[in-house]
Amino acid sequence: MEYVLETKDINKHFYKPKDFHVLKDISFAVRVGEFASIMGKSGSGKSTLLYILSTMDTEYTGELYLNHELVTGRHHNELSRMRNKHIGFVFQFHYLLSEFTVLENVMLPAKKLNEKSHTAIERDAMQKLEMLKIDYLAHQRASRISGGEKQRVAIARALINNPVILMGDEPTGNLDSHNADNVFHIFKKLKEEEGLSLLIVTHDEDFAKRTDRIIQMEDGRIIS
Ligand SMILES: Nc1ncnc2c1ncn2[C@@H]1O[C@H](COP(=O)(O)OP(=O)(O)O)[C@@H](O)[C@H]1O
Ligand SMILES: [Mg+2]
């Protein structure tokens, strides 16, 4: 089986204010091209898990593999580079730089990766904006566009380095149903047309039901 992401027995504790076993024996995998969702009550550990999977949190035991490569234990600088190159991330809030244009926001992670010329990055960014049907917003300031448009810009930004997996922590949590549906269809299209793998935390049952698989969390465990 071809996996894009795999975990083996991940456990995590928070030690403050007191010892709390937040993730318990998390072993699961996401297949290449799979669109998986994670559901579970508030406080069940979803965000904590995504934070580890996206390599931002390294305080855990167990193993994390990306593209069959062991990620756990690598140096901070290397993790930062792997994250920028291989993982796209979309949050509930878009975190765009409001004084920058839409195009500049989308270009930023590619500028940081520093593998391509400015012209090539600009061309890639325009292509992502076209794919998400918001190329007409390219030269607008990010502060001037609507909430639904901002989330699409955030998706374009997450895709700029052609990640192998797109992760999202409640990416539709702050959107009305029309815009949430729009985001679902963008994700579905990315899976179907680009073969992208997706792992999306959601509260929205309608959203989750339409993904390939629902991973259910309860009290720090995956229960199905
Ligand atoms: N930095 C932290 N220190 C201590 N406890 C935390 C910290 N972050 C989260 N928690 C606790 O861990 C549990 C899981 O949180 P979280 O992963 O955010 O859940 P979810 O995203 O499923 O709502 C919650 O009980 C939360 O209060
Ligand atoms: Mg959360």
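The model is predicted, with local features needing pLDDT of at least 70 and side-chain atom pairs counting only at pLDDT 80 or more, while totals for chains, interfaces and linings use all residues. Residues are numbered from 1 along each chain as its sequence is written, chains are lettered from A and ligands numbered from 1 in the order in which they are written, and side-chain values use heavy atoms, with hydrogens and water left out.

Around ligand 1 stand F14, K16, F20, V22, K41, S42, G43, S44, G45, K46, S47 and T48, a residue being near when one of its heavy atoms lies within 4 Å. This shell comprises three nonpolar, six polar and three charged residues, where Ala, Val, Leu, Ile, Met, Phe, Trp, Tyr, Cys and Pro count as nonpolar, Asp, Glu, Lys and Arg as charged, and the others, Gly among them, as polar. With three residues, α1 gives the most to the shell.

Polar contacts (pairs of N or O atoms within 3.5 Å) also link protein and ligand. A polar backbone atom of G43 is 2.7 Å from an oxygen atom of ligand 1, and a polar side-chain atom of K46 lies 2.8 Å from an oxygen atom of ligand 1. Of the 560 Å² of accessible area that ligand 1 has on its own, the protein covers 59%; such areas come from the Shrake-Rupley method with a 1.4 Å probe.

Note on methods:
Polar contact = N/O pair within 3.5 Å; in protein donor to acceptor, adjacent residues only side chain to side chain. Helix = DSSP H or I, 4+ residues; strand = E, 2+ residues; numbered from the N terminus.
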